[in-house]
Amino acid sequence: MTTVKNYLSLIKFSHTIFAMPFALIGFFLALFSIKHIDWPVLDEPGWHMTLYSNEFLIRQFILVILCMVFARSAAMAFNRYIDRKFDEKNPRTAIREIPKGIITPQNALAFTIACCLLFVACTFFINRICFFLSPVALAVVLGYSYTKRFTPLCHLVLGVGLSLAPIGAWLAVTGYFHWLPLLFSFAVVFWVSGFDIIYAMQDVDFDTSQQLYSIPAAVGKARALHISEFLHLLSAACVVAAGKFGHFGWLYWIGVLVFGGMLIYQHSIVKPTDLRRVNIAFMTANGIASVVFAAFVIADLFVH
């Protein structure tokens, strides 16, 4: 059990709360859409026979959850592996598992590879398009770990990685792209990059000393907060657009109010000269935003 706890801590499993709710939105949105849209049939044996069966949907749901877990676990473990030398030097991160010797770099890398293989295997059993796109997804979520070495736009790359959740879950059910889940994906891009900028404010001095890139290190904390606010405004605009063009009902709009309220709240408690409540803004506010918003969106699909 101790080993399991160490690896769960390594990958910050609790942070799955950010992207998982949006994956569920994508899944249930697709589930209800196939009842009303005449989708083309994939050129795969048995697809047309199983598309509407409970067994098919339960299987796809389980595979989507597993894909989320494996992809995110691979990304976090790889990030810890790649950044281990920096983590040793940073007082805030020196307590992590690899710097403290709790998990060896070799084991962290082996864990990453195992999660990547399991992710690809799950996509193989979902459908052809998800399988073919799985290397692209891995390239994005793993490649993020390198971006802080050469661009302050690393926060946006992280956002793109997590934004694959809703569109990936949609593809698992339908096998085709559509603009509506893409609006939720864009909402995730702007939302995640905005709160990652806030989180990165803790390491401005360290990043500068190590020639690492981030928006707070590039433009200062005050301007970084303004950029974060703008990105969160774009995120809110995306969920509003999704609600309008998706013809959602009143439960959806309650979710939008909660989501927007949590965005406003986190900016009200973090100041350039006061970072004491960054973790509350990062974990609590955004955790509530994603879980409650997803709950209202999915509930609206069932009653609308």
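The model is predicted, so local features need pLDDT of at least 70 and side-chain atom pairs count only at pLDDT 80 or more, while totals for chains, interfaces and linings use all residues. Residues are numbered from 1 along each chain as its sequence is written, and side-chain values use heavy atoms, with hydrogens and water left out.

**Helix α12**
- Helix α12 (residues 221-245) has 25 residues and reaches 36 Å from its first C-alpha to its last, close to the 36 Å expected at 1.5 Å a residue, where the expected span is 1.5 Å times one less than the number of residues.
- Its buried residues (buried means under 20% relative accessible area, with a 1.4 Å probe and protein chains only) include L225, L231, H232 and V239.
- The buried residues of α12 pack against α8 (154-174), α9, α11 (215-219), α13 and α14 (278-303).

**Residue H232**
- H232 lies in helix α12 and is buried, with a relative accessible area of 3%.
- Leaving aside residues up to four places away in sequence, H232 touches F190, W191, G194, F195, I198, L263, Q266 and H267, where contact means heavy atoms within 4.5 Å.

**Helices α9 and α13**
- The axes of α9 (residues 179-200) and α13 (residues 250-269), which are lines fitted to C-alpha atoms over the stretch in contact, come within 11 Å and cross at roughly 20°.
- That angle makes α9 roughly parallel to α13, a term for angles under 35 degrees.
- F184, W191, F195 and I198 in α9 meet Y252, F259, L263, Q266 and H267 in α13.

Terms used: Axes fitted to C-alpha atoms, helices over the stretch in contact; angles between N-to-C directions. Helix = DSSP H or I, 4+ residues; strand = E, 2+ residues; numbered from the N terminus. Parallel < 35°, antiparallel > 145°, perpendicular 65-115°, else oblique. Buried < 20%, exposed > 50% of the residue type's maximum accessible area, 1.4 Å probe, protein only.
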